Amino acid sequence: MAQSHVVSKIATRSITAAVTVMVPNSLGPGELIQHYGTDAQKEYWLPRLARGQEIPCFGLTGPEVGSDASNIPDIGVVCKRRIDGEERVGIRLSFNKRYITLAPVATVIGLAFRLRDPEGLLGGESEDCGITCALVPRDAEGLEIGRRHYPGGAFMNGPIRGEDVFLPLDAVIGGPRMIGRGWRMLVECLSAGRGISLPALSAACGLGMYGATGAYAAIRRQFNVAVGRFEGVQAPLARIGGLAYTLEASRALTASALEHCAPSVVTAIMKYHTTEMMRQVLIDAMDIHGGRGIIMGPRNYLAVPWQHLPVAITVEGANIMTRSLIIFGQGAIRCHPYVRAEMDAAARNDLVDFDRQLFGHLGYTINRGVRALALGWTGGRLARRPSRGALSHYYRHIERLSAALSLCADVALGTLGGALKLREATSARLGDVLSQLYMASAVLHFYETHGQHSRDHLVHARWALDNALAQAGEALDTFCRNYPVPGVGRVLRLVLLPFGQPYRRPSDRSTTDLASLMLTANDVAREIRDRGLVYVGEADEPTGRLLRAFDMLQDVQAPYERFVKAVSKGEVEGGDIESQLAGALSEGLLTTAETDALRDYERMRHDVILTDDFDPEYVRDPFGYRHSRLVRAEKADGKAPRATS
């Protein structure tokens, strides 16, 4: 939970810094050593990594291996080599890795490779020892490191190559006993890591855009009206608010779960859906800011997150693959109460246990079918309501959809069998239902914990829940309509959705209520800042100036609206703001204190809507332009100009 908070807070100030913090604390040597390392490795490496004396990176992805990470082509061969006059058994490595974050500055590399033992030096039965993870020091002979990729941001990312790099056996993470167990290590650590880092980054983006876009929509005026009052703007603005609420609720629930376990299905849900929600938030924020978000420069707080967005979508399991193969496909067998046990009994040829599991499975499926039928035909009215509050009916809807998902999963496993993994669209839709139910549950938990007595929280939670249930219902309906076995989908639809898909996206009223709240200092916005979830920014930073102008607007809202209305009606004369304020004061429309406050606000308002402009030379060659300015300045001071790199 602390790690999630720290990454999230840093990300609202600098995505580059957040990524730099994420990598050593998720999938990397530190995580692997902490869980699997020998005592000697823990004692030496962990304090140095924690203090920053060592900078780690982890090499998994290469030119020939991306999403199919288990098919690693990089080879290590067990061999003997004479070192300092002594013959030692070790590993000779050749590898080619790319997209490795922190590689250009890393001092120690965690490396995944496939180990072979052709001479039987380890005493094993097979030449192929399996995927293994080892620690490679930066100064290892044959290692090529330091070159950089340029993914559009400043954070360090680059290739690592090695030719005949020799490592002693004790460089294997966990020592010789962990040889061949690298894939299990990677999967377990990746499952935990992707449930923390990327959801924290996405939540930070959601909360940051919530504050910045709401403030900008309140401050920016067209046709003498704040742009946030236009219905066309309110739809994307409310979507930012509802998704930000969902992101923070899901982040908090998942981080608390990871204190106790590493639920791989949940972390896959979080990786895919939080980054997709971040994508939508940034699209909406860009639409609302218009040109203000396009023009590059120090004033633009949208450009860097927009540039970095594809990185989050792609890393730690590309989103297309995660949705199509992992979310439901990974959990369909692992999370089922009977299928795994049936498979184990069949593998042991234990007919007694197999029959027991099979009949239990049949009874379970019949039970789920009756329950899904009853809840489907009664609209969920037979479901339990653990809460009697304003959101109690959402619990019934979640239980109804949960029963429907359970039946659909059993039917899919029974009718498609092993072919289900090839039916990616079918698997993805079931994964969508599961994901939306998880996030809806997170929203309910967050509301019960933080906002039960707040109308502002209620408005946010209702929008988020309506959105989640509508997406779950749409995915379930699409699953039934497109089921690949003829007739089965029609029967499922009759059982589960006899009167059609009942869940609708948030209404216009709900959207207007939420968007209007975001134009004010509402309870949710105050909590975001009071709890320190975002970096507000200093007075010389663009977000700091924006939010200070927004705070000032809250104090002068009434007199400012009165003043703007008077100017638009021609009741106040003057060609500029100063003469108009003087006219309003003389006409008695404003007091002296109000006039002074509006003058200060108008100065801040004008500043925060400005964009950057540059000398043409700078745009042509920013690096050369800055250097030439530096040289001229130093010559003027009588100093020798500095050399360029």
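## Helix 19 against helix 21

In this predicted model, helix 19 packs with helix 21, which spans residues 592-608, at an angle of about 130°, and their axes lie 9 Å apart. That angle makes helix 19 oblique to helix 21, and the crossing of helix 19 and helix 21 is left-handed.

On the side of helix 19, the residues in contact include R545, R548, M552, V556, Y560 and F563, while those of helix 21 include E594, L598, Y601, M604, R605 and V608. Taken by kind, the residues of the contact between helix 19 and helix 21 comprise 13 nonpolar and 8 charged, with no polar ones.

## The two sides of helix 17

Helix 17 runs over residues 508-518, and S510, T511, L514, A515, L517 and M518 in this helix are buried. Seen down the axis of helix 17, these buried residues fall within an arc of 160°, so they line one face of the helix. The face turned away from that buried side carries D508 and R509, which are exposed.

The buried residues of helix 17 pack against helix 19 (542-568), and also against helix 6 (197-219), helix 7 (231-257) and helix 15 (455-481).

D164, although it is not a glycine, has a positive phi of about 55°. D164 belongs to strand 7, residues 157-168, and it counts as partly exposed because its relative accessibility is 38%.

F223, a residue other than glycine, has a positive phi near 55°. F223 is found in the loop between strand 8 (221-222) and strand 9 (225-226), and with a relative accessible area of 72% F223 is exposed.

Methods: Residues numbered from 1 in each chain as written. Predicted model: local features only at pLDDT ≥ 70, side-chain atom pairs only at ≥ 80, totals over all residues. Heavy atoms only, no water. Buried < 20%, exposed > 50% of the residue type's maximum accessible area, 1.4 Å probe, protein only. Helix = DSSP H or I, 4+ residues; strand = E, 2+ residues; numbered from the N terminus. Arc of directions from axis to C-beta. Contact = heavy atoms within 4.5 Å. Axes fitted to C-alpha atoms, helices over the stretch in contact; angles between N-to-C directions. Parallel < 35°, antiparallel > 145°, perpendicular 65-115°, else oblique. Left-handed = near helix turned anticlockwise from the far one by under 90°. Nonpolar A, V, L, I, M, F, W, Y, C, P; charged D, E, K, R; others polar.
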